[in-house]
Structures are given as structure tokens and as C-alpha cells.
Protein chains: 2
Amino acid sequence: MAVTIKDVARVSGVHVSTVSRAFSATHLVNADTRARVLAAAEELGYRPNRAARALSTSRTGNLGLIVADIANPFFPPLLKAAQAQARARDYHVFIADTDEQTRVEEELVRSMAKQVDGAVLVAPRLTNRVIAELAREIPLVVVNRRLRGVSGVLMDVGAGARRAMEHLVELGHREIVVVGGPSRAWTSGEIERATEHIAQDHGILIQRVGPNPPTEEGGRAVAEEVVASGATAVLAHNDLLAFGLVRRAIELGLSVPGDLSVIGVDNSHVARYSSPALTTVDMPVAEAGRGAVDLLLRSVDAAESTGTVTLETSLVVRASTAPPVLSQKRH
Amino acid sequence: MAVTIKDVARVSGVHVSTVSRAFSATHLVNADTRARVLAAAEELGYRPNRAARALSTSRTGNLGLIVADIANPFFPPLLKAAQAQARARDYHVFIADTDEQTRVEEELVRSMAKQVDGAVLVAPRLTNRVIAELAREIPLVVVNRRLRGVSGVLMDVGAGARRAMEHLVELGHREIVVVGGPSRAWTSGEIERATEHIAQDHGILIQRVGPNPPTEEGGRAVAEEVVASGATAVLAHNDLLAFGLVRRAIELGLSVPGDLSVIGVDNSHVARYSSPALTTVDMPVAEAGRGAVDLLLRSVDAAESTGTVTLETSLVVRASTAPPVLSQKRH
DNA sequence: ATGGTGACGGCAAGCGTTTGCCCCGGGGAT
DNA sequence: ATCCCCGGGGCAAACGCTTGCCGTCACCAT
């Protein structure tokens with residue numbers, strides 16, 4: 001029923017192989033013949049069947065994009081950019097949501113493997129071991145994960161966290177709580193390390209709370225603990241967490257940034273939309289999405305190349321940070 | 001290199017057809033034989049090649065999901081729900097972003113056609129004619145578009161807009177501006193009709209501005225016009241537009257809701273996150289995503305069934321609406 | 001004229017599955 | 001004892017495309 005290469009061949013009076021070549025090896029066919037074939041194809045509305053093509057070339061023209069939570073505002077701009085880049089290269093993309101579950105993540109990669117030329121894992125929650133294993137089965141690039149032998153694009157969240165801490169220190173804060181995210185996220189470790197350094201360099205007192213789910217709820221849940229800590233500022237693992245924390249802190253009667261300065265990470269639109277607008281670490285997500293696809297496509301073509309690109313982050317100062325008020329300490 | 005049905009056949013000592021049946025027509029093979037086959041498959045890590053399967057069954061196990069803008073906060077929760085539902089049914093989903101361009105939308109459907117069993121068009125910008133045409137080539141379901149002969153899930157934004165207007169009327173507003181969205185969006189017409197009715201019923205003065213791009217920028221751009229109109233309240237096509245409008249209005253020295261009440265549509269997270277929190281029309285997006293996939297799968301299986309489901313919306317009153325101040329009119 | 005050389009394009013195998021057809025053998029009905 | 005039926009499973013074609021191989025023909029150099 002659907003029009004196939006055979007129909008085109010019949011109509012244009014050539015063999016199917018010629019039709020095939022007219023599309024994918026243009027230099028092997030005479031210009032006039034090719035024109036006839038293309039005309040016939042056009043007339044019939046012929047579209048090559050990618051699945052069939054995949055069967056003989058073992059190239060599908062598809063990519064997989066796997067994220068923890070599509071609805072987390074960190075991801076959509078990245079997905080959008082990656083999708084656009086893929087499309088520009090004539091690739092289609094499968095997008096899948098793992099719901100933060102590592103089992104699902106692994107299963108998803110495996111079940112997609114045959115259908116894609118490669119996959120990008122965005123902020124994977126999987127262990128390095130499993131990722132490395134998967135990378136042996138299918139070209140992989142990871143975003144925000146450092147892994148020997150696997151291509152990756154990293155957003156330098158460590159530098160961003162450092163900037164954020166310095167900003168707080170300059171404002172005069174001396175006791176800061178760092179609200180952690182999911183324990184298996186690479187960014188968690190980066191932030192921990194960076195904040196540790198800053199604390200030592202400046203003699204700052206740091207308290208850590210977490211791990212926490214990277215959601216508004218997670219933020220609300222830790223608010224009381226943060227308030228009780230007596231710290232005057234907090235750096236949260238992401239904007240959502242920061243936002244929930246701010247909301248709850250305000251409900252508890254605090255003023256932000258008056259009583260508590262809060263910094264998020266991601267520079268997602270919640271940071272811009274919320275009030276007070278959040279000071280946050282900007283993550284170049286669109287660039288990361290594009291970069292991941294480029295990297296992936298490169299390793300699909302060139303078989304064996306792996307590489308890592310690191311993208312710069314920056315601190316965006318908005319209205320959720322201010323000097324601490326010099327009241328008597330609360331504890 | 002990859003393990004195929006042949007390998008499994010060899011290892012388990014049966015013919016490939018038996019292996020095939022062991023997977024997809026279990027009742028046609030003896031239980032013991034089947035167990036042997038499955039064991040061999042497991043041992044080898046065999047996964048059926050979906051592309052090959054598609055070739056002979058003409059069922060791909062894939063779905064397409066096409067949206068105007070992944071980064072517009074209206075879409076991600078819908079995508080997430082749709083994707084989850086599809087996964088539960090063992091379907092993979094292609095997600096594509098049209099960047100609000102109708103040409104791209106059409107081209108996307110066509111280029112996916114051979115690779116999916118059906119597609120859902122979310123808030124399509126295409127004309128009815130083109131959609132109907134596409135629906136003839138591939139099972140389609142549209143979200144937020146009413147179209148004879150094409151399955152759809154509709155969120156009753158008309159009822160929502162009516163509720164929103166009534167809310168404003170009850171608060172005492174008598175001059176309201178309706179900020180329109182993209183002209184080709186179905187919701188635009190619905191809102192226009194609903195507001196028209198309310199205006200007549202209550203003798204309200206309505207002014208329309210638009211069409212506008214459904215973005216924060218779009219909202220900022222119309223703010224001055226809205227302010228100059230002298231109206232005391234506005235109903236915007238979506239939250240993003242409402243949000244941009246609020247921001248700009250505040251920059252212009254107005255207070256919201258003091259000088260201007262604003263209502264959005266979508267109940268996306270920007271409505272919750274922004275300040276003042278937006279009164280908005282809640283859209284059951286997750287349900288719509290699930291419903292669309294269900295509907296699509298049904299028409300894929302049952303060939304010829306088309307249906308429309310309408311989902312209820314509701315008004316969420318937050319902090320961006322209040323009674324008008326009774327000052328002298330500004331014009 | 002003769003042989004050589006490309007360019008062009010037909011032929012057919014092969015990619016991994018599914019599925020209609022048929023064969024085989026065992027058990028129940030007669 | 002014979003016949004039938006049916007469960008089980010092998011065989012091979014088919015799905016739509018790509019690609020290595022080879023034949024044909026025109027054209028050029030000798």
C-alpha cells in the first residue's frame with residue numbers, strides 16, 4: 001500500500017538498485033537518469049523506509065535521549081536544543097523519562113539500543129560501571145558525568161558553586177548550609193568538593209543537608225532544618241530545591257534575602273520567575289544539548305573517538321542574596 | 001556481531017521460526033521448547049530487532065509526539081505523561097519540536113510516518129485541511145483541536161475562560177482586555193468565543209489585543225497597550241504571556257493585582273512560581289497526554305475508531321486578581 | 001579494426017523477523 | 001487396525017532497502 005522503491009523503479013523504468021543509488025549514492029548514477037527517478041519519486045510521494053534502510057546499513061538515523069525527569073525545568077531547554085541539532089543532521093530522536101529510577105534508565109538504553117545509532121544520557125543516575133558497560137554496546141555520550149572512555153559534556157558546576165560561595169562570602173556570610181541533591185548525580189560531588197575548598201580557604205563554616213530529591217518538595221522538606229541551623233545563607237543543589245526552600249522559609253516567617261540568602265543552580269526559568277528572583281548558577285543547557293548531539297554523531301561516524309567538552313558556568317546574581325543581618329545568633 | 005534470532009536458534013537447537021514464535025505467539029510452541037529458547041535468549045542477551053520486526057509486521061512499536069515548543073512549560077508535563085503511558089504499553093516515543101512553524105510540523109509528520117504507528121499532534125498550528133490530509137496517511141490524534149474524523153483530546157478551555165471572566169466580573173471588573181495567543185491555535189478561538197458570551201451576558205466591555213506569540217516576550221510587548229486601554233483586568237492566552245505582562249506592568253509602575261488583575265491559562269509552574277502567584281485556568285495536561293496515547297493506541301489496534309474526549313478545566317484563584325480600585329478612569 | 005577503459009546500471013544476496021504452508025507423528029474415534 | 005485430527009515445528013517467501021559483483025556499451029588510443 002505504501003509506496004516503495006519498487007514502485008518508483010517501475011514508474012521510472014529502471015531497476016530498484018538504481019533508484020536506491022539515485023538517493024544515496026548520487027555520483028553513481030547518470031544525471032538524467034537520476035532526474036527521472038527523482039521525478040517519479042516526487043510524483044508518487046515516495047519516502048525511503050528508514051527501518052528497511054537500517055536493516056541493511058545498520059544505521060537507523062535515530063538517537064536516544066534519556067533524562068531523569070522531563071518535567072524538571074532543567075531538562076526541556078536541553079532537550080529542545082538537542083532535538084533541534086539532531087533534526088538539522090536529519091536524525092530523529094527518542095526521548096525517554098526514567099522517573100529518576102536507575103533500573104529504568106538501564107532498561108531504556110538496552111531496549112533502545114537496536115533502534116538508535118547512539119544515545120545521550122543526561123545527568124545519569126547510573127553507576128559508572130553500568131554506564132561503561134552500556135557504552136560498550138552502543139555509542140553513548142553523557143551529560144554532566146565524567147567517565148573515562150565515554151564521551152561527555154560537562155557543565156562546570158564546580159566553578160559555579162565556587163563563584164556562588166565567594167559571592168556569599170563577599171556579602172559577609174560565615175555560616176552556610178549546602179543543600180545536596182540526589183547522591184548519584186555527578187553535580188552533587190562537584191558541588192561538595194567546590195564548597196569544601198572555599199570553606200577551607202575562607203574559614204567558613206559549612207553544614208550539609210541531604211541527599212534530597214531535586215524537587216520543590218525536597219526544598220520545602222529541608223527548610224526547617226536549614227532555618228534551625230542558624231546559618232545565614234544556603235546554596236541549594238538546584239533551583240527547584242532552592243525555590244521550595246525559599247517558599248517554606250517565608251511561610252516560617254523569615255524574609256529572603258533578609259534573614260536568609262539562597263542560591264540555586266541551573267538558572268532554569270523558575271529562578272527568573274520566582275520572587276524573589278533567585279541568584280543562581282547559570283548552566284549552558286542549550287549548548288550542552290547541542291554539544292552532546294554533535295559529540296555523539298561524531299563518535300557514530302568516526303567509530304572510535306571519544307572526547308570531553310567542558311562548558312563554562314556563571315553566577316547570575318538576582319534578588320535572593322544579600323548581606324546577613326547582624327542579629328544575635330539564633331542558637 | 002549483534003545477537004540475532006539465528007544465534008538463539010542455533011544455541012537452542014530449533015529453527016528460527018520457532019524462536020520467533022516463542023516470543024510472539026507463545027501458544028504455538030510447546031512449553032518446554034519455549035523454555036529452552038528463552039533460556040538461550042537470556043544467556044545470549046538476545047533482543048528482538050524492532051526494525052526488522054517492523055519490516056514484516058508493519059508495526060513499529062513507536063509513536064510520534066509533536067509539539068510547538070518543548071521549552072514552553074505547558075508541554076513538558078504532557079510529554080512526560082504521554083511518554084510514561086507509551087512506555088507502559090511498550091512503545092517508544094519520538095518527540096519533536098516544530099519551533100512554532102507549520103511547515104516543520106507537516107514535514108515532521110511525513111518524515112516520521114514510516115517509523116511510527118501513529119502520532120499525536122499537541123496544539124497543532126496546522127490548518128484543518130492539512131491535518132485531515134495527514135490523518136489519512138497515518139493514525140493521528142490531536143490535542144486541543146477539534147476536527148471531524150480525527151481523534152482528539154480537548155481541554156475545555158472555553159469553560160475555563162468563562163469561569164475566569166465570571167471571576168473577574170464578580171470582583172467588579174467591567175472593562176477587560178483579552179490578550180490573544182497564536183491565531184492558528186484552537187484555544188484562541190475557544191477563548192474568544194467564551195469571552196464574547198460572557199461579555200454579552202454581563203454587559204462587559206471587552207478589548208482584544210493580539211494575536212501574540214505565546215511567550216513572556218509577547219506579554220511584555222503588549223503591556224503598554226493593555227495599560228493604556230484603561231481596562232482593570234486582563235485574561236491572557238497563557239501563563240507565559242500573563243507573566244510577561246505582569247512583569248512589564250510592574251516595571252511601568254502599576255501594582256498587580258492592585259491596579260490590574262491578570263489571569264493566565266495553563267496552570268503551568270510559572271503560574272505557581274511567579275509573584276504574585278497567577279490566577280489561572282488549570283489544564284489537565286498529564287491526563288491529556290495519557291489520554292492522547294490511549295486514544296492513539298486504540299485507533300492503531302482497531303484501525304477505524306475515532307473519538308473525542310473532553311477534559312474539564314478549572315479556575316485556580318491565586319494572588320493576581322482582586323477587585324478593581326475605583327479611581328477615575330485613566331482615559 | 002582491435003583491445004582497453006570507464007561509466008552506467010542490472011542482478012541477486014543479504015539485513016532480522018514474521019507467517020502461511022506443509023510435514024510428521026501420536027492419540028482418539030470408529 | 002485404519003483413519004483423522006491436531007499439536008508442534010521446519011521451510012521459505014516476503015517485508016523495503018543497500019551493495020558487491022558483473023555485464024554492456026560507447027569511446028579512445030593504438
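The questions and answers below concern a predicted model of protein chains with DNA strands.

User: How is chain A divided, and how far apart do the C-alpha centres of domain 1 and domain 2 of chain A lie?
Analyst: Chain A is divided into domain 1 (5-48), domain 2 (62-155 + 284-313) and domain 3 (157-283). Between the C-alpha centres of domain 1 and domain 2 of chain A, the distance is 36 Å.

User: Are helix α2 and helix α3 of chain A roughly parallel or roughly perpendicular?
Analyst: In chain A, the axes of helix α2 (residues 16-24) and helix α3 (residues 31-44) come within 10 Å and cross at roughly 95°. Angles of 65 to 115 degrees count as roughly perpendicular. The relation of α2(A) to α3(A) is therefore roughly perpendicular.

User: Which residues meet where α2(A) contacts α3(A), and how do they divide by class?
Analyst: From α2(A) come A:Thr18, A:Val19, A:Ala22 and A:Phe23, which meet A:Thr33, A:Arg34, A:Val37, A:Leu38 and A:Ala41 of α3(A). By class, this contact of α2(A) with α3(A) has six nonpolar, two polar and one charged residues.

User: What is the relation between the directions of α6(A) and α7(A)?
Analyst: The axes of helix α6 (residues 102-113) and helix α7 (residues 128-137) of chain A come within 11 Å, crossing at roughly 5°. Angles under 35 degrees count as roughly parallel. The term for α6(A) and α7(A) is therefore roughly parallel.

User: Which residues make the contact of α6(A) with α7(A), and how many of them are charged?
Analyst: A:Glu106, A:Val109 and A:Arg110 belong to α6(A), while A:Val130, A:Glu133, A:Leu134 and A:Glu137 belong to α7(A). By class, the contact of α6(A) with α7(A) has three nonpolar and no polar residues, and the number of charged residues is four.

User: How many residues surround DNA strand D, and which are the closest?
Analyst: DNA strand D is surrounded by 26 residues. By class, the surface near DNA strand D has eight nonpolar, 13 polar and five charged residues. The closest residues to DNA strand D are A:Ile5, A:Ser20, A:Arg53, B:Thr18 and B:Thr33.

User: Which helix gives the largest share of the surface near DNA strand D?
Analyst: At least two residues each are supplied by α1 (5-12), α2 and α4 (50-57) of chain A together with α2 (16-24) and α4 (50-57) of chain B. The largest share, five residues, is from α4(A).

User: What distances separate phosphate oxygens of DNA strand D from polar atoms of A:Tyr46, B:Asn30 and A:Ile5?
Analyst: For a polar side-chain atom of A:Tyr46 the distance to a phosphate oxygen of DNA strand D is 2.8 Å. A polar backbone atom of B:Asn30 is 3.0 Å from a phosphate oxygen of DNA strand D. For a polar backbone atom of A:Ile5, the distance to a phosphate oxygen of DNA strand D is 2.3 Å.

User: Which helix gives the most to the surface near DNA strand C?
Analyst: Around DNA strand C there are 26 residues, the closest being A:His15, A:Thr18, A:Thr33, B:Ile5 and B:Ser20. In this surface, α2 and α4 of chain A together with α1 (5-12), α2 and α4 of chain B each supply at least two residues. With five residues, the helix that gives the most to the surface near DNA strand C is α4(B).

User: Which residue has a polar side-chain atom 3.2 Å from a base nitrogen of DNA strand C?
Analyst: Of the atoms of DNA strand C within 4 Å of the protein, 65% belong to sugar or phosphate and the rest to bases. Phosphate oxygens of DNA strand C lie 3.0 Å from a polar backbone atom of A:Asn30 and 2.9 Å from a polar side-chain atom of B:Tyr46. At 3.2 Å from a base nitrogen of DNA strand C, the polar side-chain atom belongs to A:Ser17.

How values were computed. Residues numbered from 1 in each chain as written. Chains lettered and ligands numbered in written order. Predicted model: local features only at pLDDT ≥ 70, side-chain atom pairs only at ≥ 80, totals over all residues. Heavy atoms only, no water. Axes fitted to C-alpha atoms, helices over the stretch in contact; angles between N-to-C directions. Helix = DSSP H or I, 4+ residues; strand = E, 2+ residues; numbered from the N terminus. Parallel < 35°, antiparallel > 145°, perpendicular 65-115°, else oblique. Contact = heavy atoms within 4.5 Å. Nonpolar A, V, L, I, M, F, W, Y, C, P; charged D, E, K, R; others polar. Near = heavy atom within 4 Å. Polar contact = N/O pair within 3.5 Å; in protein donor to acceptor, adjacent residues only side chain to side chain. Domains from an automatic or database assignment.
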